[in-house]
Amino acid sequence: MKKDERESGMAQEAASGAAIPSGCAYVNLPPSTMLNPVPVVLVSCAERGRPENRNAITVAWAGTVNSDPPMVSISVRKERYSHGLLEQSGEFVINLVDEVLLAAADFCGVRSGREVNKAQAAGFAYSPMASMDTAPAIEGAPASLGCRVRQVMALGSHDLFLAEVTAVRVRADLVDEKGAVHLEKAGMVAYNHGLYQRLGEVLGFFGWSVAREDVRARRMAEYASRREHEKAERAKTGKSGGQTGKKTEKPEAGKPASGKKGKSGTVSSGKHRSSPPGYRR
Ligand SMILES: Cc1cc2nc3c(=O)[nH]c(=O)nc-3n(C[C@H](O)[C@H](O)[C@H](O)COP(=O)(O)O)c2cc1C
């Protein structure tokens with residue numbers, strides 16, 4: 001069989017085994033932000049010159065916009081308390097949200113830092129973030145990205161903060177001994193048209209539809225067996241999130257748990273790989 005014949009067969013084989021439907025009925029709606037799912041992240045920031053004035057805002061309008069240099073954007077309404085802090089400090093930290101952090105994330109999205117100390121009320125702590133002068137990271141987040149604002153664009157309802165990622169930290173239990181990052185283990189949450197939804201089973205991987213059969217089978221078997229193991233761990237510990245029963249050393253703010261000391265309390269394996277295998281930028 002020719003390569004393109006083999007590949008087209010593979011590409012048509014949906015993860016569910018179902019054929020891609022045609023001739024569906026659709027309902028036309030007015031223009032809106034229907035792009036879904038999107039991430040839900042906790043953006044932490046602080047006032048330059050008064051770093052004790054810290055805040056966290058929940059953001060769904062966040063995205064990756066460039067690979068080299070790594071750049072992201074967040075869109076924030078002018079009336080948010082955080083908007084002033086972002087503008088004044090020119091910095092923020094994007095903290096990814098897992099099931100454990102989800103209630104705190106929702107809380108930070110419905111209460112303002114003008115009225116409440118969100119960290120105290122929602123029960124999370126800040127810690128220093130490498131490369132940031134003022135913006136702190138949020139403890140317990142699966143990963144945090146330190147971001148330096150390069151441009152602010154007024155779009156209408158929101159201002160878009162275009163920023164360069166100048167530091168990244170990933171929770172040590174999500175990095176294996178070879179330095180590969182396993183965010184699939186983090187129990188992360190997506191925001192899907194007003195609902196928070198858990199990211200579940202691995203259905204495929206980058207290039208999966210055209211991967212060699214043996215590679216595909218081996219990788220998928222690995223994910224399936226890991227999932228079974230995690231399910232069993234969760235059943236044992238009663239935890240619902242991605243953090244399995246394995247107790248991880250909790251680093252004190254500013255101090256690494258173990259391994260090589262990073263700039264601000266992060267653990268560095270020295271072999272860290274931020275992109276999944278096979279991923280091209
Ligand atoms: C799931 C979710 C997503 C949100 N996404 C955004 C967003 O992308 N941009 C924004 O300006 N506000 C967003 N909000 C609203 C702010 O988080 C909310 O107004 C918050 O209370 C502002 O906090 P602050 O006044 O302390 O800055 C979102 C809220 C939730 C619950």
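## Definitions and model

Two strands are said to pair if DSSP finds at least two bridges between them, and the strands themselves (E, at least two residues), like the helices (H or I, at least four), are DSSP runs numbered from the N terminus. The structure is a predicted model, in which local features need pLDDT of at least 70 and side-chain atom pairs count only at pLDDT 80 or more, while totals for chains, interfaces and linings use all residues. Residues are numbered from 1 along each chain as its sequence is written.

## Overall make-up

The secondary structure comes to five helices and 14 strands. Of the 281 residues in the protein, 25% are buried, a residue being buried if 20 or more other C-beta atoms, placed from the backbone, lie within 10 Å of its own. Among contacts (C-beta atoms, placed from the backbone, within 7 Å), those with a separation of 6 or more involve residues 24 or more positions apart in 62% of cases.

Seven strands form an open sheet with antiparallel pairing, in the order 3-2-6-9-10-5-4. Strand 3 and strand 4 (62-66) stand at its edges with a single partner strand each, so one side of each has no neighbour in the sheet. On average, neighbouring strands of this sheet are turned by 35° against each other, direction ignored, the axes being lines fitted to C-alpha atoms (for helices over the stretch in contact) and angles running from 0 to 180 degrees between N-to-C directions.

Within the sheet, strand 6 and strand 9 pair in the antiparallel sense over five bridges; Asn95 has Ser144, in strand 9, as its bridge partner.

Helix 2 (residues 81-89) has Ser82, Leu85, Leu86 and Ser89 as its buried residues. Seen down the helix axis, these buried residues fall within an arc of 100°, and so line one face of helix 2; the arc is that of the directions from the axis to the C-beta atoms.

The buried residues of helix 2 pack against strand 2 (41-47), strand 3 (50-59), strand 5 (71-77), strand 6 (91-96), strand 9 (143-154) and strand 10 (158-170). Helix 2 lies across these strands, running at about 60° to strand 2, and is followed by Gly90, whose phi is positive, near 70°.

## The ligand shell

Of the 22 residues around the ligand, Tyr81, Ser82, Gly109, Ser112 and Gly113 come nearest, where a residue counts as near if its C-beta atom, placed from the backbone, lies within 6 Å. Strand 3, strand 5 and helix 2 are the elements giving two or more residues to this shell, and strand 3 supplies the largest share, four residues.

Notes
Buried ≥ 20, exposed ≤ 12 C-beta atoms within 10 Å, placed from the backbone. Contact = placed C-beta atoms within 7 Å.
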